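Here are a few notes to read with the structure open beside you. Take them one at a time and find each spot as you go.

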Amino acid sequence: MIIKTIKNIPGSEITDPLVFQQRRTLIKAMAAMMLTGTSIRTGRADSSKPIWSAVPKSRLSAHELEVTPADATENYNNYYEFAFNKEDPSSLAQSLRIDPWSVEIGGEVEKPGTYQLEDILSQHPLQEYIYRFRCVEAWSMVVPWVGFSLGDLLKTAKPLSSAKFVKLTSVHQPDSMPKQRNNAMLDWPYVEGLRIDEAMHPLTILAAGMYGNILPKQNGAPLRLVVPWKYGFKSIKAVVKIELLKRPPISSWNKFAPNEYGFYANVNPDVPHPRWSQNSERLLGSGFFTPRRQTELFNGYGEQVAHLYRDMDLRHFF
Ligand code: MTE
């Protein structure tokens, strides 16, 4: 594998100048969406063409760049606070209260604080990030997220040098979340974690929208993490708290089944899940006869992220 540091990646692979022209419009549109609950397109000239893509183009065929239809992405969800199946979260999650919303940032930082979502969104210009997303259950999709860099948000809180890990916590709202109310399965609220360098990596984002619209509740509104080179369970929804820590946090799935869901959870076709192969994946929204896609190490983002793990044996740090 070619190992490139992020400094070596040409800017053109990371961002598109068009985005910068459209930023102001998008911020205003998203702010309006947050306030009114309406749905507004990003104002792209041609909605079939991505305005921003971090997918390493050289490694993708035209087919793989195809964005998954929103209908598939919004009606096939993993949201265990609401249901253990894929079909019910899209209706059940509508009871989630997301306004007002704030995010608390604390732990090993110089400037801890609680930030209103509107302030976060107006201070961190939104961009579109078209990422592949690979669930640990061997299905995948390509989603045009609208969001901003998690690292930029963390920098506003001024991390101390003692901050080595980041813990993210989802909302605890048992009156609207049936599985929290019944204390079912996981220890609630849902918790995930990253190493600080993973959290600061430019591919790691907090998303507030997708397909140019405000994020649907079942997909993690109003704010969710997206880490495209890791299995989907790391991409925690409805984030209310971010803590910088000296030691690794214990994530919900790791606590529930430590031999099945590791802390790192980097997409890796060579490390099978104890109950199934991770070699290939079913593309969400694709037809019955569409062949499965070969799963790639780091979900195809190796050129950007492999250097983060160069001293680690990935078979053991799963
Ligand atoms: N975040 C919370 N709070 N609760 C969850 O159950 N499921 C995770 C992740 N984030 C989950 C979560 C899993 S297993 C996956 S695959 C993705 O969300 C699914 O995201 P999607 O429904 O937008 O496809």
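1. Let's start at one serine: the side chain of Ser149 reaches the backbone nitrogen of Asp152 at 3.0 Å. A polar atom of that Ser149 side chain also lies 3.2 Å from the backbone nitrogen of Gly151. Keep in mind that this is a predicted model.

2. Where does Ser149 lie? You'll find Ser149 in strand β4. Is Ser149 buried or exposed? Its relative accessible area is 13%, and buried means under 20%, so Ser149 counts as buried.

3. Now look at what Ser149 touches. Leaving out residues up to four places away in sequence, Ser149 touches Tyr129, Thr204 and Ile205. Thr204 is 55 residues from Ser149 along the chain, yet their C-alpha atoms are separated by 6.1 Å.

4. Next, the largest pocket. About 430 Å³ of space lies in it. Two elements, β4 (139-149) and α10 (252-256), each give two or more residues to its lining. There are 30 lining residues, and Asn78, Tyr80, Tyr190, Phe233 and Trp253 lie nearest the pocket's centre. By type, the lining divides into 17 nonpolar, 7 polar and 6 charged residues.

5. Finally, zoom out to the whole chain. It has 11 helices and 12 strands, and 54% of its 318 residues are buried. Of the contacts with a separation of 6 or more, 72% are between residues 24 or more positions apart. The accessible surface of the chain comes to about 14,100 Å², and carbon and sulfur atoms account for 54% of that surface.

How values were computed
Residues numbered from 1 in each chain as written. Predicted model: local features only at pLDDT ≥ 70, side-chain atom pairs only at ≥ 80, totals over all residues. Heavy atoms only, no water. 1 Å grid on protein atoms, 1.4 Å probe; cavity = no way out; pocket = protein on both sides within 12 Å on 5 of 7 lines; lining within 4 Å. Points joined across faces, edges and corners; volume = space filled by probe spheres on them. Helix = DSSP H or I, 4+ residues; strand = E, 2+ residues; numbered from the N terminus. Nonpolar A, V, L, I, M, F, W, Y, C, P; charged D, E, K, R; others polar. Buried < 20%, exposed > 50% of the residue type's maximum accessible area, 1.4 Å probe, protein only. Contact = heavy atoms within 4.5 Å. Areas by Shrake-Rupley, 256 points an atom, 1.4 Å probe, with all protein chains shown as cover. Polar contact = N/O pair within 3.5 Å; in protein donor to acceptor, adjacent residues only side chain to side chain.
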